[in-house]
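Dear colleague,

I am handing over the structure below, and would be grateful if you could look through it with the notes that follow.

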There are 2 protein chains.
Amino acid sequence: MNSQQPSLAQGLLAGQRGALARAITWAENADRRFPQLLEDVYAAVGRSHRLGVTGPPGAGKSTLVNQLARHLRELERTVGILAVDPSSPFTGGALLGDRIRMEERTLDPGVFIRSMASRGSRGGLARATVDAFDVMDAFGFDQLIVETVGVGQAEYDVVGAADTVLVVLCPGAGDGVQAMKSGLLEVADVLCINKADLPGADRMVADLEEAVHIRTAGKGLWMPPVVSVSAGTDQGLDGLLEAIQSHRAWLEAEGRLQLSRQEQRLDQVQRVLREGFDHAIWEGRGLEGYARAMIKASRTPHGAAERILEQLKAALPSEWAQVQEETQP
Amino acid sequence: MNSQQPSLAQGLLAGQRGALARAITWAENADRRFPQLLEDVYAAVGRSHRLGVTGPPGAGKSTLVNQLARHLRELERTVGILAVDPSSPFTGGALLGDRIRMEERTLDPGVFIRSMASRGSRGGLARATVDAFDVMDAFGFDQLIVETVGVGQAEYDVVGAADTVLVVLCPGAGDGVQAMKSGLLEVADVLCINKADLPGADRMVADLEEAVHIRTAGKGLWMPPVVSVSAGTDQGLDGLLEAIQSHRAWLEAEGRLQLSRQEQRLDQVQRVLREGFDHAIWEGRGLEGYARAMIKASRTPHGAAERILEQLKAALPSEWAQVQEETQP
């Protein structure tokens, strides 16, 4: 709208890595030039397959992502990787080590790796991840991978932005029963037992397969395959790629991918709207100050929020379906 | 408003643990009876000191919290503990072990321990934590402790609901430099090096003290003390309690605690309002369906959100300071 940067969009579509890096920085910072940039390249968005990789610290996610990238390159597919929050002190050490090894891969122009700190985009990590994926998609990678560490609330949202979610577990680092209890099974499209040579791996595979079976059998749902790999020695990687590919094929059949992406887009609208509301109305229109006054008048935070919500409800349409759009193209 | 439960409020204020457990469940589930309950007990809220404990998996947080509780009991202070997300598969095993040890302490009526799963309250973990703290506060504990595992975005919000934030590190599990880079120092009011007998502990203490000094010296800011403990052997626990107590005394001087709690309450209003907006307007008034239509009309999520935001701005007051409140008491 205001400060257009057609050159950045052109650079992005022309495959300039510097333009891509800058576009991701805009996404990360919620730069006000980002929406126009996305508009300018959006026709090229939607071709990449999006893989989310999550699992406990120490499960070997980074090594696995590294190996996946290598295998994909052997198949002449280009790969864009987002690593969310490698600056975490909790995994920082190990991850940085892996990352340095992965950076070697960046000498290959068919691979792009970018770290996203969750700090800079607090409150908007999932929004920023989807935005970054969109520009990476427009850039033209065949495969996008987002790797998150830990499974907090924000991390669930991040992997939710993927077409296919790969959950990486390893024997010892939280067993299969823990994974079942935690809801990790519910987000997994493919389950991967890494370090499959460790004791307990076979039992873990059997437990997970049974759990997956119970959850999905006879319900017409996707049944997540459980794949054993040893990312360090490259063993089982072909099977893992096949499993990912088979989930992708399943999604693409019967319009499931399109449906899933519509829901992802709706989630993203909600996130952008929430940030916009916080910026333009909570801060920009003094709702924050009004809330302070309401706290004094209402005692509890819930009372204050309720009073504000009543005012919002009074001012806003009772049924949005009936709203006529009056904005111009 | 609708279904009042004065008996639950009365039970809570009378110190019935069953009533407390139920009140926390309401907080966790965003039960619609919760706001009235909170209103009924809110006069009793505000006396507890609130401690947030965070740090990497394996730093020994649970053991430390257990020891802190034991020391506080020796001083005849009552303790309420919230453990956020012990169901995480990433820390579940170890944490459950510790938790079982902690449960022994629940035979003591002066200690209450409750686990909060982040799953159930997705999107509202910080909101639920503050609500739970408020009812625990009304119940009458001297000390409240919330322990979070990992530091994602949601976990930062959770510890932000505390008066005093204790960051627990241990040599080896992410070094001091990592902690500095990660922003952990920025949230810490007290830094604790656990397992201080491990190699590297002295160096870590020195590094952290230097970093803390650089960040805070001469700026009139609180300078977080760095305390070495060995929670397993109880060594250094007195010093840690003193450090927490000294931060509390600093807060209580010059009205800082009051200011900090006002900001916490405002954050809570914003969270409750956001959940209320999502429920009453996004879902309840069909804004979600309207957003779907806008996606079709706008291509990008940002375009769709912008169109909706323009409509919100057109309908809402241009300056909330001028809004007359018309709701009755």
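Chain A of this predicted model has a mean pLDDT of 84, with 81% of its residues at 70 or more. The stretch to treat with caution is residues 86–98 of chain A, where the pLDDT is below 50, although in the model this stretch has 38 contacts beyond near neighbours in sequence. For the model as a whole, the scores are ipTM 0.87 and pTM 0.85.

Turning to the overall make-up of chain A, there are 14 helices and seven strands, and of its 329 residues 50% count as buried. The chain is divided into domain 1, covering 45–254, and domain 2, covering 262–316. Where these domains meet, five residues of domain 1 of chain A are in contact with five residues of domain 2 of chain A, and the residues on the domain 1 side divide into three nonpolar, one polar and one charged.

The sheet of chain A comes next. Its seven strands form an open sheet with parallel pairing, in the order 3-2-4-1-5-6-7. Strand 3 (111–116) and strand 7 (226–228) of chain A stand at the edges, and because each has a single partner strand, one side of each is left without a neighbour in the sheet. From one strand to the next, the twist averages 20°.

Within that sheet, strand 2 of chain A pairs in the parallel sense with strand 4 (residues 143–148) of chain A over six bridges, and in this pairing V79(A) stands opposite Q143(A) of strand 4. Helix 4 of chain A packs on the sheet, where it touches strand 1 (49–54), strand 2, strand 3, strand 4 and strand 5 (164–169) of chain A, and the direction of this helix makes about 175° with that of strand 4 of chain A.

Strand 1 of chain A deserves a paragraph of its own. This strand runs parallel to strand 4 of chain A, to which five bridges join it, and R50(A) stands opposite L144(A) of strand 4. Strand 1 of chain A also runs parallel to strand 5 of chain A, here with four bridges, and L51(A) stands opposite T164(A) of strand 5. How much of strand 1 of chain A is covered? The strand is mostly covered, since six of its six residues are buried: H49(A), L51(A) and V53(A) point one way, while R50(A), G52(A) and T54(A) point the other way, and all are buried.

In chain B, seven strands likewise form an open sheet in the order 3-2-4-1-5-6-7, with parallel pairing. The edge strands are strand 3 (111–116) and strand 7 (226–228) of chain B, each of which pairs on one side only, and neighbouring strands of this sheet are turned against each other by 20° on average, direction ignored. Strand 1 (residues 49–54) and strand 5 (residues 164–169) of chain B run parallel and are joined by four bridges, with V165(B) in strand 5 as the bridge partner of G52(B).

Helix 3 (residues 34–41) of chain B is largely enclosed by the rest of the structure, because six of its eight residues are buried. The buried residues of this helix are F34(B), P35(B), Q36(B), L37(B), L38(B) and V41(B).

Is E76(A) buried or exposed? E76(A) is exposed, because the other C-beta atoms within 10 Å number 8, and a residue counts as exposed with 12 or fewer. In chain B, phi of E76(B) is near 65°, again a positive value in a residue other than glycine. E76(B) is found in the loop between helix 4 (61–74) and strand 2 (79–84) of chain B, and E76(B) counts as exposed because it has 8 C-beta neighbours inside 10 Å.

With best regards

Note on methods:
Residues are numbered from 1 along each chain as its sequence is written. Chains are lettered from A and ligands numbered from 1 in the order in which they are written. This is a predicted model: local features need pLDDT of at least 70, side-chain atom pairs count only at pLDDT 80 or more; totals for chains, interfaces and linings use all residues. pLDDT is the predictor's confidence in each residue, from 0 to 100. Two residues are in contact if their C-beta atoms, placed from the backbone, lie within 7 Å. A residue is buried if 20 or more other C-beta atoms lie within 10 Å of its own, exposed if 12 or fewer, and partly exposed in between; C-beta atoms are placed from the backbone. Helices (H or I, at least four residues) and strands (E, at least two) are DSSP runs, numbered from the N terminus. Two strands pair if DSSP finds at least two bridges between them. Axes are lines fitted to C-alpha atoms, for helices over the stretch in contact, and angles run from 0 to 180 degrees between N-to-C directions. Domain bounds come from an automatic or database domain assignment. Ala, Val, Leu, Ile, Met, Phe, Trp, Tyr, Cys and Pro count as nonpolar, Asp, Glu, Lys and Arg as charged, and the others, Gly among them, as polar.
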